[in-house]
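Hi,

Here is the structure I said I would pass on.

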Amino acid sequence: MKRRVIHCAAILLVLLLVSGPVFAEGQAEKEYPARDIELMVPWGVGGATDIMFRTFMSVLPKYLGAPVIIVNRPGGGAVPGYAEAMQKKADGYYYVAWATPSITKVHMSKTPYDAETFEPVINLVSAPIWLLVPGDSPYKNLNDLLADAKRRPGQVTLGNAGAGGGTHMIALAFENAAGVQFNHVPHAGGGPTVVAAVGGHVDAISVGPPEGVAQLESGQLRCLAVFAKERLEAFSDYPTAVEQGVEFSLGQWRGIAAPKGTDPAQIKHVHDAFKKTMEDPDFIKLADNAGLLLDYKGTEEFKEWVAEQDKLYENIVKSNKLGDRYEY
């Protein structure tokens, strides 16, 4: 009898040793995320992408189940930030802002990453670009600005959020459509670009909502044109370039991506948390106040969208013979 009890105890011990790790692994999966998640924004504080994510942060943790720490790595057209992101572990605790400038830069110059380096997770916002001028600018409308740019080719300064970035590329495309040439002045993100315009350091800037919203409301800046097919519902007072005679519309998108190799289940969890936040009534009010134009794209749709946009900007760069990435 005693031998039988010892034998059963031994079997039980073996079962515990075998099943213990399995149970622990299953429990760990259920507990994801078990700690803070880092989200790297490769642009400065106060820019459109930074404002967008900080707006999400007041509601997102309710659905994500963990706090998110935003880390800004501005400068260098976002290349240093993405170079750093490439070195991070694909353990589900590191994500990176993924937006139009993320892929425009790769066609302007040689970068250590390209449009396929990271895993798209979800697109959150799309925003057309708008042309803003200081509140005391002599340009009262888009045609005033274009007339001066035609009189003084290459002398009218147009600020953007970074050389090779989305606002720069879209401004270059606008030049071609309008038949003018600006003196493009890059800045370390949308926030510094807005500050430069308020200070009168440039004649005009190309940024996108929510950049400049507060300054437009205070009268520090004026909007000459929005690069959209129709007026924006949230900013219906501002005319489009199209209605002022320039057939041009192009905008930027903003979402997040993960390092290659991140567990699809973890990506789904993060995707679902952001999607639920986008549908949350409290967040929708915050997004409206911040000037965010929400545009949901799920993981697969976002992946296809990034591939299409990558091809679009490759064509823009090559057709305008821009940068030093390609031989002309």
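Let me start with the lining of the largest cavity: its residues divide into ten nonpolar, no polar and no charged. Here Ala, Val, Leu, Ile, Met, Phe, Trp, Tyr, Cys and Pro count as nonpolar, Asp, Glu, Lys and Arg as charged, and the others, Gly among them, as polar. Before going on, please keep in mind that this is a predicted model, where local features need pLDDT of at least 70, side-chain atom pairs count only at pLDDT 80 or more, and totals for chains, interfaces and linings use all residues. Residues are numbered from 1 along each chain as its sequence is written, and side-chain values use heavy atoms, with hydrogens and water left out.

Back to that cavity. The residues around it are I37, L39, M57, L60, L64, V68, Y95, I256, V270 and F274. β1 (37-41), α3 (60-64) and α10 each give at least two of the lining residues. (Helices, H or I with at least four residues, and strands, E with at least two, are DSSP runs numbered from the N terminus.) The volume of the largest cavity is about 60 Å³. On a 1 Å grid over the protein atoms alone, a cavity is a set of points where a 1.4 Å probe fits but cannot get out; a pocket is an open set with protein on both sides within 12 Å along at least five of seven lines; lining residues have an atom within 4 Å of a point. Grid points are joined across faces, edges and corners, and a volume is the space filled by probe spheres set on the points.

Now the domains. The assignment (bounds come from an automatic or database domain assignment) gives domain 1 (37-126 + 251-320) and domain 2 (127-244). Their C-alpha centres lie 24 Å apart, and 25 residues of domain 1 are in contact (heavy atoms within 4.5 Å) with 23 residues of domain 2.

Which domains line the largest pocket? Domain 1 and domain 2 each contribute at least three residues to the lining. The pocket holds about 270 Å³ of space and has 26 lining residues, with W43, P101, A161, G189 and G190 lying nearest its centre. By class, the pocket lining has nine nonpolar, 14 polar and three charged residues. At least two lining residues come from each of α2 (48-56), α5 (100-108), α7 (166-178) and β10.

On to the sheets. Six strands make an open sheet with mixed pairing, in the order β2-β1-β3-β10-β4-β11; two strands pair if DSSP finds at least two bridges between them. Its edge strands are β2 (68-72) and β11 (294-297), each pairing on one side only. Within it, β4 (residues 118-128) and β10 (residues 251-259) run antiparallel and are joined by nine bridges, with A127 partnered by Q252 in β10. Helix α10 (residues 264-279) packs on this sheet, touching β3 (94-99), β4, β10 and β11, and its direction makes about 20° with that of β4. Axes are lines fitted to C-alpha atoms, for helices over the stretch in contact, and angles run from 0 to 180 degrees between N-to-C directions.

The other open sheet has five strands in the order β7-β6-β8-β5-β9, also with mixed pairing. β7 (183-186) and β9 (221-226) are at its edges with a single partner strand each, so one side of each is left without a neighbour in the sheet. α7 lies across β5 (130-134), β6, β7 and β8, at about 175° to β7.

Cheers
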